[in-house]
Amino acid sequence: MLEFRNVTASIGIIQILRGLDFRIAPAETLALIGRNGAGKTTLLRTIMGFTRVTGEIRFGDTRLDSMAPPKRPGLGIGYSPEDRRLFSAFTVEENILLPAQAARLGTAETQKRLDRIYDILPELRDMAGRPAGNVSGGQGKMVALGRALMSGTRLVMLDEPFQGLAPALAQRYAAALRALRDADRSVTLMITESNPSLLRGFASRTLVIERGEVAEGTLDPDRRTA
Ligand SMILES: Nc1ncnc2c1ncn2[C@@H]1O[C@H](COP(=O)(O)OP(=O)(O)OP(=O)(O)O)[C@@H](O)[C@H]1O
Ligand SMILES: [Mg+2]
């Protein structure tokens, strides 16, 4: 479903990722584990089209490596960046709706997806009319998750969603991810984390990224790399 063939990714003249050759199947819950600076964010940004790529990245029958970034939402890809990037003057609901415009969804489909997001994350319904600039950092992560779900019908990528969350909110976030998984068995989830223990019992497969290279791995603390 998502396939990398001999991919390198560069930012400016600096090559950050190299030798990427792997496939991700539909419905996988993938943990992407790596230390700070290993290249996790760059890998997600590469799928989003924000780096300079050699090699092939295939999403189903579509080549992502030669496609402009704004086309991802229309393909069913949703992305929650590390730093959330909410528009603080827009309301929570307006932020969640932004990818609907990029994906050119009709009114009925947009409303259907919004209702589903509010079912999975009911707290967002309560915050819907508040300016996104007025929600806490942890609540902002929930908003960013909701926004990723608006376009992410096939692939949802979450960059270090648990980082900085207080324990109660981290549990709430994990419960929301389980609710998403229960509501939709076919969507693929890619979640990056520098602390592998946060994803134990949740991920169906683990990839370890180290100095820009990706290998199969495990979340078992005694056997970090395969
Ligand atoms: N805009 C940039 N220009 C140059 N180098 C960059 C840029 N962004 C990232 N890098 C470099 O790319 C490498 C991978 O960074 P990346 O942010 O992908 O790591 P990460 O695994 O997400 O780390 P963290 O856990 O800190 O979020 C690092 O060596 C970093 O210094
Ligand atoms: Mg990162």
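Q: Which protein atoms are the donors of the magnesium ion (ligand 2)?
A: This is a predicted model. In it, the magnesium ion has Thr-41 (OG1) and Glu-82 (OE) as its protein donors, at 1.9 to 2.5 Å.

Q: Where do Thr-41 and Glu-82 lie?
A: Thr-41 is in helix H1, residues 40-48. Glu-82 is in the loop between strand E6 (77-80) and helix H3 (92-102). The two are 41 residues apart in sequence, so the pair ties together separate parts of the chain.

Q: How exposed is Thr-41?
A: Thr-41 has 22% relative accessibility, so the residue counts as partly exposed; the cut-off for buried is under 20%.

Q: And what about Glu-82?
A: Glu-82 is partly exposed too, with a relative accessible area of 34%.

Q: Switching to ligand 1: how many residues surround it, and which are the closest?
A: Ligand 1 is surrounded by 13 residues. Gly-37, Lys-40, Thr-41, Thr-42 and Glu-82 are the closest. Thr-41 and Glu-82 are also the magnesium donors.

Q: Which element gives the most to that shell around ligand 1?
A: H1 does, with three residues. Strand E2 (14-24) and H1 each supply at least two.

Q: What kinds of residues make up the shell around ligand 1?
A: Four are nonpolar, five are polar and four are charged.

Q: Which atom of Gly-37 is 2.7 Å from an oxygen atom of ligand 1?
A: A polar backbone atom of Gly-37.

Q: How much of ligand 1 does the protein bury?
A: The protein buries 60% of the 640 Å² that ligand 1 exposes when taken alone.

Q: New topic, Asn-95. Where does it lie?
A: Asn-95 is part of helix H3.

Q: Is Asn-95 buried or exposed?
A: Buried: the relative accessible area of Asn-95 is 0%.

Q: What lies 2.7 Å from a polar atom of its side chain, I mean that of Asn-95?
A: The backbone nitrogen of Phe-87.

Q: And which residues is Asn-95 in contact with, leaving aside neighbours within four places in sequence?
A: Phe-87 is one of them.

Key: Residues numbered from 1 in each chain as written. Chains lettered and ligands numbered in written order. Predicted model: local features only at pLDDT ≥ 70, side-chain atom pairs only at ≥ 80, totals over all residues. Heavy atoms only, no water. Donors = N, O, S within 2.8 Å, 3.2 Å for Na, K, Ca; no water. Helix = DSSP H or I, 4+ residues; strand = E, 2+ residues; numbered from the N terminus. Buried < 20%, exposed > 50% of the residue type's maximum accessible area, 1.4 Å probe, protein only. Near = heavy atom within 4 Å. Polar contact = N/O pair within 3.5 Å; in protein donor to acceptor, adjacent residues only side chain to side chain. Areas by Shrake-Rupley, 256 points an atom, 1.4 Å probe, with all protein chains shown as cover. Nonpolar A, V, L, I, M, F, W, Y, C, P; charged D, E, K, R; others polar. Contact = heavy atoms within 4.5 Å.
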